[in-house]
Amino acid sequence: MPAQNALKETETAMKKSVEYMNQEFASIRTGKASPALVENLDVHVASYGSNMKLKGLAVITTPEARMIMIQPFDPSTLKDIEKAINESKLGLNPIPDGRSIRLPIPELTEERRKELVKTIKAMAEEGRVRIRACRKDGMDAAKKMKADGELTEDQMHDMEKQVQSLTDKYVKEIDVHVGEKEKEIMTV
């Protein structure tokens with residue numbers, strides 16, 4: 001069963017690549033307010049002396065379709081959160097109001113939408129590269145098992161076919177996600 005284990009490891013790595021890309025996609029602004037836009041933002045909290053994800057520091061809600069509200073659990077982290085948002089690539093302007101931060105989501109221009117589509121296509125290509133790296137690892141594992149006498153020539157070729165099948169499946173999944181995100185961005 002070492003071949004099955006190697007295939008499972010390859011598939012798990014490919015799934016993680018797709019999941020990572022989807023997390024990256026969630027940070028792309030589409031003109032609608034969504035907590036996913038900011039929840040994975042790294043915030044350096046000076047009073048704690050460490051970096052934390054925003055979702056671990058605050059309640060993030062969307063009281064309106066084009067507004068994100070961030071309410072820190074600890075009010076002393078408000079300035080750190082505001083600084084992290086300003087330094088992020090989100091292009092949003094935080095509005096602190098005492099115990100919370102409001103993030104208005106501006107309407108996207110056509111030019112900005114096209115830039116965002118280019119960005120998601122670049123992220124997708126990074127995802128495909130990660131999947132191809134997983135494919136290479138799977139193929140190398142098959143060759144190593146053959147060299148170690150764990151697989152016959154035919155078994156090695158079968159395993160390589162299965163690895164290629166997984167690769168095709170996950171690359172196609174990335175393409176589907178790209179199409180959905182592109183449609184979401186370009187829909188006015």
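**Helix packing and pockets in the predicted model**

Helices here are DSSP runs of H or I with at least four residues, strands are E runs with at least two, and both are numbered from the N terminus. By class, the contact of H3 with H4 holds 18 nonpolar, four polar and 13 charged residues. Nonpolar covers Ala, Val, Leu, Ile, Met, Phe, Trp, Tyr, Cys and Pro, charged covers Asp, Glu, Lys and Arg, and polar takes the others, Gly among them. Contact means heavy atoms within 4.5 Å.

The model is predicted, so local features need pLDDT of at least 70 and side-chain atom pairs count only at pLDDT 80 or more, while totals for chains, interfaces and linings use all residues. Residues are numbered from 1 along each chain as its sequence is written, and side-chain values use heavy atoms, with hydrogens and water left out.

H4 (residues 153-186) also packs against H1 (residues 2-26), at an angle of about 10 degrees and with the axes 10 Å apart. H1 and H4 are therefore roughly parallel to each other, the label for angles under 35 degrees. Among the residues making this contact are Leu-7, Met-14 and Phe-25 of H1, together with Leu-166, Tyr-170 and Ile-174 of H4. The H1 and H4 contact has 13 nonpolar, six polar and five charged residues.

Over in H2 (residues 78-87), Leu-78, Asp-80, Ile-81, Glu-82, Ala-84 and Ile-85 are buried, meaning under 20% relative accessible area with a 1.4 Å probe, protein chains only. These buried residues pack against strands E1, E3, E4, E5 and E6.

H2 shows up again at the second largest pocket, where it gives four residues, the largest share of the lining. A pocket is an open set of points on a 1 Å grid where a 1.4 Å probe fits, with protein on both sides within 12 Å along at least five of seven lines; lining residues have an atom within 4 Å of a point. About 170 Å³ of space lies in this one, and Asp-80 and Ala-84 are among its lining residues.

The largest pocket holds about 640 Å³. Of its 22 lining residues, Glu-24, Ser-27, Leu-41, Leu-90 and Met-123 are the closest to its centre.

Definitions and conventions
Axes fitted to C-alpha atoms, helices over the stretch in contact; angles between N-to-C directions. Parallel < 35°, antiparallel > 145°, perpendicular 65-115°, else oblique. Buried < 20%, exposed > 50% of the residue type's maximum accessible area, 1.4 Å probe, protein only. Points joined across faces, edges and corners; volume = space filled by probe spheres on them.
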